[in-house]
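Morning, everyone. I have one structure to go through today, and I will keep it short. Please look at the model first.

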Number of protein chains: 4
Amino acid sequence: MARMKAAVFLEPGRIVLEEKPVPEPGPLDALLRVTTTTICGTDIHILRGEYPVARGLTVGHEPVGVIEKLGSAVKGYREGQRVIAGAITPSGYSEASLAGCHAQDGPGTSHGWKPAGGWKFGNTIDGCQAEYVLVPDAMANLAPVPDGLDDEQVLMCPDIMSTGFSGAESGKIRIGDTVAVFAQGPIGLCATAGARLMGATTIIAVETVPERLSIAQRLGADHVVDFKRVDPVEEILRLTGGRGVDVAIEALGTQATFEAALRVLRPGGTLSSLGVYSSDLKIPLDAFAAGLGDHKIVTTLCPGGKERMRRLMNVIASDRLDLRPLVTHRFPLDRIEEAYELFAHQRDGVLKIAITP
Amino acid sequence: MARMKAAVFLEPGRIVLEEKPVPEPGPLDALLRVTTTTICGTDIHILRGEYPVARGLTVGHEPVGVIEKLGSAVKGYREGQRVIAGAITPSGYSEASLAGCHAQDGPGTSHGWKPAGGWKFGNTIDGCQAEYVLVPDAMANLAPVPDGLDDEQVLMCPDIMSTGFSGAESGKIRIGDTVAVFAQGPIGLCATAGARLMGATTIIAVETVPERLSIAQRLGADHVVDFKRVDPVEEILRLTGGRGVDVAIEALGTQATFEAALRVLRPGGTLSSLGVYSSDLKIPLDAFAAGLGDHKIVTTLCPGGKERMRRLMNVIASDRLDLRPLVTHRFPLDRIEEAYELFAHQRDGVLKIAITP
Amino acid sequence: MARMKAAVFLEPGRIVLEEKPVPEPGPLDALLRVTTTTICGTDIHILRGEYPVARGLTVGHEPVGVIEKLGSAVKGYREGQRVIAGAITPSGYSEASLAGCHAQDGPGTSHGWKPAGGWKFGNTIDGCQAEYVLVPDAMANLAPVPDGLDDEQVLMCPDIMSTGFSGAESGKIRIGDTVAVFAQGPIGLCATAGARLMGATTIIAVETVPERLSIAQRLGADHVVDFKRVDPVEEILRLTGGRGVDVAIEALGTQATFEAALRVLRPGGTLSSLGVYSSDLKIPLDAFAAGLGDHKIVTTLCPGGKERMRRLMNVIASDRLDLRPLVTHRFPLDRIEEAYELFAHQRDGVLKIAITP
Amino acid sequence: MARMKAAVFLEPGRIVLEEKPVPEPGPLDALLRVTTTTICGTDIHILRGEYPVARGLTVGHEPVGVIEKLGSAVKGYREGQRVIAGAITPSGYSEASLAGCHAQDGPGTSHGWKPAGGWKFGNTIDGCQAEYVLVPDAMANLAPVPDGLDDEQVLMCPDIMSTGFSGAESGKIRIGDTVAVFAQGPIGLCATAGARLMGATTIIAVETVPERLSIAQRLGADHVVDFKRVDPVEEILRLTGGRGVDVAIEALGTQATFEAALRVLRPGGTLSSLGVYSSDLKIPLDAFAAGLGDHKIVTTLCPGGKERMRRLMNVIASDRLDLRPLVTHRFPLDRIEEAYELFAHQRDGVLKIAITP
């Protein structure tokens, strides 16, 4: 039985490279040979034990690769094809998936729904920080990479770009909207880019790291607000003439950003939340207009599935956006433990690390 | 100068009947002779000083009446016409109003938005618990009562029915949805009726007052849950086979109902909030799936304007709904202080009181 | 090899009962033992050769049955379960299906879209007017029948009810809308019922057959218009005070009904078209306001998939609607040729015929 | 009584400069001193008598100007302010306007709707190819020009840009969509720009005039198709790998473009029609998939009102788009007859002519 290297969660604080058997695809699966992958902020939560996964699980949910072997019932693909799969791999046939809510896919439940059930890679099944990964429900999830795009060009599609864009999409941004984006890590930067792509005409990015503010401007921000130098709520209200923003995107997952996002909303506006929170949230009465402000608070988990991936790769292929600047570091899979160390401590201006098996 | 009687807020704890001059309509106003009005839960907040209004202000925001005099620039109406006006009286010309967000109308601001700015009657201008009331921006707000409908049939349109229905509408209820409605006061009952009208096929009403649960069943609830006898979250999850509800409507304004509404939502579901809250709200991390559940929280202030009123009166005129059972008591305006006393203490099974000047 | 009886298209004018082998399920299929099915107007188009299908194909697309055998990759069901499948059986994994456009599912195409590609039964694969039928992509399509519902109660779900309701849904009917439904055959009657369920408060049904007009009233029509006695356009404009309707549903497939539907629309209204047309359509310049009327014309093919079926069966199970009155005739499968004869000539007041193998 | 020059429709073939009294604002009006205006394709229809207006009417519906005098009931503005008003001037208070359908505003009708009723300037009231123009319902329609924008920068906002963008908006273009735009006159060019702004990633512009194709590319087209050199339907299907487009925008108003737009749509796609048609349209059966293709046909009349204008001017002010290249010619009002001559014959590569009183 062939064996492969894989980054495996052992216990809080330890993700290590181990040898495992190369898995065998079931009828609906595809086996992918991973050519590039990356580490996500969520993986750090897993590393720290803040987000529990089974011991021995291979982590990682952002695969770029080549089809090595197709399950017996999989049609429409051929071995050797270059593909990506989203971080979220919906079944296509659960009630949630059929209802269009692919990320809440619960194919194993009696009723077809499961909170965040579409997120399987590195969460409920082995992930892709490995030489090989099994893609479940392959026909719903394998998205061929357009000719001419290299691995790093599409590396953000499976998660970062899909999630960031969804912040703009769930906010239903319209031409002429004013939008604030709180936090400019990789997801917030993609939210900024998404807001720009959808026609927002005043985009205000909130961050404090100068390099991130600078990339935010390149990706579409009209104004940047350093929250350590000014109060971001006051500054945004000043920039908008007291009117507030049509849409505020939260891209960090803290009470401070959530609350500030609510405070800068105009009445009738939408708080589009992307962050993964780690404690209860408070909605201040005044910021919420006591419930009379026609406010909307919308959360979105990374949209997945091959149709989503196709659309995102089209954005790259059409030169609307280039996310390669987010790849600040590169490591072979053999040195992934070092990569975790760097990423977990956010050293050296790291944004995203390309990992190549 | 003609004088009239009006229920006036004097200080916390005191709303009294006083004499005031009959107001004179400005160019865009209409003077209405009030024939029936009612007291709202919000008026009790005002009475208690929990919601601040100016001393001397006439309270009340649910007018049925007859046009007494039209402002000089008002066209399309005639004196003597029977009309209602919504509790919310949008200008039609503010940015908010032109954007369709009539309740957040801010015609006096530089940017056209104001939280709850469309609510003027008995809040920022004199209200309708009086013999006469001025309707601002009359052409946007006067809605003729269809022939054959009496005052009590349309008395819930200006606020209770418009607000309750909006809970169902903002929840975007679809045919086949499962819906829970928390609290079955007048607004919750109208939310239940609205959910039924929009095609929800499993409607679960949560209350404890038996008369209200009984009316809920008449207005469309399939199941009633007495939260004093069973845990409503457990019971709703049981009734839905663990799936939860597509839409949960909050119609009270407390942490307990807000939180329960969130806990019974399926992933991807919508919490449609109608309550007027009086303290900060907490979003529990688990109920919110840490922000990964594709949840939506939507608040709605009573939609107003004459087009809204026309639609609601159509619902009554077409026999889809009869809200007269909500009128449990009747008082002349002269005895409105007694009516406040009864309503504030929720005595005698009161739901709504018709007040006739 | 077991054999079964099946109604097979031979040539224009001839659908006959033949013997065929009972099919063997592939990995993603399920074999259903059909307990009740019915004949659709579309089958008559096939019979007449107006809609071409392969010779030898088993016709029929409205199955109620029992799971006889599951494909090797199918999970979440058990043999012996009572289920229905929609007339449209999406794959769940094509681009169209993942985009929520299940009826235009093109799993065999390079790009995942095919006009009406989701309609497979009795069109591109063997249908269900037979003792057994193979359901493709079973996990996306098998919908368990709730306890307590008999075959005839759910017999309209696979097509008639799903299609009729979609006319109301695609029209985005709102509470208080005025709606006209042109033609009150089985689909038009379900469109009328769907309009009622979604909150339309003035529903005008256009037909000439008295029995159908009578059922239309029972299912929710407020007004019925006999187009042989009055001009329906004039009458509808009269009934709406010159305003026209918010939504007009076309449920026949002719120029006359299409054009009348357009002529009764208010500006900004929606023509929701369900009919299967058999010739080019004309849009009269005046009825279309020269393109300046903000009109929408929307066509919808029967929505399918198990989640759709679940919702529709909920409508029946919750007593919102009883469609058994549409079953005017019953025939055993052995006598299906007689049933075709009766249905094709619309004799004896036939609406729908239950066929039992 | 002061007098002014105005371009007046006399009879088919004759629009001439005449003297007229400067009008006096009613209570809801504002008198604007026009500083720049332009001639629209619609004006040419009027000139030719194809679109009937009253003899003696001042034509033109695209005003940039300065407030000269405010009606007695108008608040929130000051004389001397630089403003624009949309070609469509909704009342804000009709049923149509309150329902958000501002372009179909019928304030003078009993029911509040009128086809294209929001288009008043140069259609039902005197227009703005004059030294002064009355803006009706001024509070709903006067939009202050942001500091730093000159007349020609905002000259396209009242009609061309608002209409063109609405083609993209009504098509509900999403990130990653493929869009075809038929005809690249001023409106088609703005539709192309709008598609780009909303995130379409493959935009195909169809035209034959080389200068227009060249501007189309500058404004966002990825591909240009010269319909005189290739069959546009075949070419678009080729460019999209047989898939067709998600949204096709028709920006001319002919059977040929309408039909081609339908033929290139993928199933489930939207034909967004902007053209003003001058004869009946035909929908070919095959292109329409016999009504089974989930197609949508949506028409949109130029959205108006001050909130719309504010948003469009934000697009300009934020440097998202520069439409000054559309102004190919400039004439003083005194020579407007020459301008009409040039524009009517589309001489000299004309796109838009700035007219300065």
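Predicted model: local features only at pLDDT ≥ 70, side-chain atom pairs only at ≥ 80, totals over all residues.

Start with chain A. Chain A splits into domain 1, made of 3-86 + 121-155 + 323-356, and domain 2, which is 161-299. How far apart do the C-alpha centres of the two domains of chain A lie? The separation is 30 Å. Where the two domains touch, domain 1 of chain A gives eleven residues and domain 2 of chain A gives nine residues. On the domain 1 side, helix H1 of chain A, residues 41-47, provides the largest share, with three residues. That side of domain 1 in chain A consists of four nonpolar, five polar and two charged residues.

Next, the chains against each other. Chain B is superposed on chain A by a rotation of 180° with 0.0 Å of shift along the axis, at an RMSD of 0.0 Å. That is the relation of a two-fold axis. Both copies use the same surface, since 100% of the contact residues of chain B recur in chain A.

Now chain C with chain A. Each of these chains puts 18 residues into the contact. Which helices of chain C supply at least two residues each to the side that touches chain A? They are helix H2 (95-98), helix H3 (138-141) and helix H10 (306-317). By type, this side of chain C has eight nonpolar, five polar and five charged residues.

Last, the sheet. Twelve strands make an open sheet with mixed pairing, and the order is E10(C)-E9(C)-E8(C)-E11(C)-E12(C)-E14(C)-E14(D)-E12(D)-E11(D)-E8(D)-E9(D)-E10(D). Strand E10 (223-226) of chain C and strand E10 (223-226) of chain D stand at the edges, each with a single partner strand, so one side of each has no neighbour in the sheet. From one strand to the next, the twist averages 15°.

Strand E12 of chain D, residues 265-273, runs parallel to strand E14 of chain D, residues 296-299, and four bridges join them. Among the residues involved, Leu271(D) has Ile297(D) in E14(D) as its bridge partner. Helix H7 of chain D, residues 210-219, lies across strands E9 (202-207) and E10 of chain D, and runs at about 165° to E9(D).

That is what I have.

Key
Residues numbered from 1 in each chain as written. Chains lettered and ligands numbered in written order. Contact = placed C-beta atoms within 7 Å. Nonpolar A, V, L, I, M, F, W, Y, C, P; charged D, E, K, R; others polar. Least-squares fit on C-alpha atoms with pLDDT ≥ 70 in both. Pairing = 2+ DSSP bridges. Axes fitted to C-alpha atoms, helices over the stretch in contact; angles between N-to-C directions. Domains from an automatic or database assignment.
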